[in-house]
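Have a look at the model first, then read on.

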Amino acid sequence: MNAVKHILMTVCTGIVLWLMTLVGGLAWAMFSTPGSRQRTEALWGAVYFETSPSKNGVLMQFGLENMRSVLLLLACLAACAAISLIAKACIKGHAAVCKPKRITR
């Protein structure tokens, strides 16, 4: 059960990191689009923000563009898994070093 909990926490952390990266990339694309009738891509084309004129003002569109966002998700999951394994090994090693020793006579 403990291993399932660690895997679930790692996957959830990776997905949250991925979503935060996509929202950050989208915000960057939104604020770096200077005028109407322009398209800005962020995160190597994973997200886009596009503006075009309309009769009521400006039409804005944004979204995921291609499979690079899936590759970004896999990279986030791999990074979270690696950090989780390193942290688990460090905690296990620290517990072994700091274990109180029994003194026998």
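## Ground rules

Two strands count as paired if DSSP finds at least two bridges between them. Strands (E, at least two residues) and helices (H or I, at least four) are DSSP runs, numbered from the N terminus.

This is a predicted model, with local features needing pLDDT of at least 70 and side-chain atom pairs pLDDT 80 or more, while totals for chains, interfaces and linings use all residues. Residues are numbered from 1 along each chain as its sequence is written, and side-chain values use heavy atoms, leaving out hydrogens and water.

## The strands

Start with β1 (residues 38–42), which runs antiparallel to β2 (residues 47–54) over 5 bridges.

A hairpin of 2 residues links β2 to β3.

## S84 in the helix

Where does S84 sit? S84 belongs to helix α2 (residues 68–97). S84 counts as partly exposed because its relative accessibility is 23%; that class lies between buried (under 20% relative accessible area) and exposed (over 50%), using a 1.4 Å probe and protein chains only.

S84 and S32 are 52 residues apart along the chain, and 35 Å separates their C-alpha atoms.
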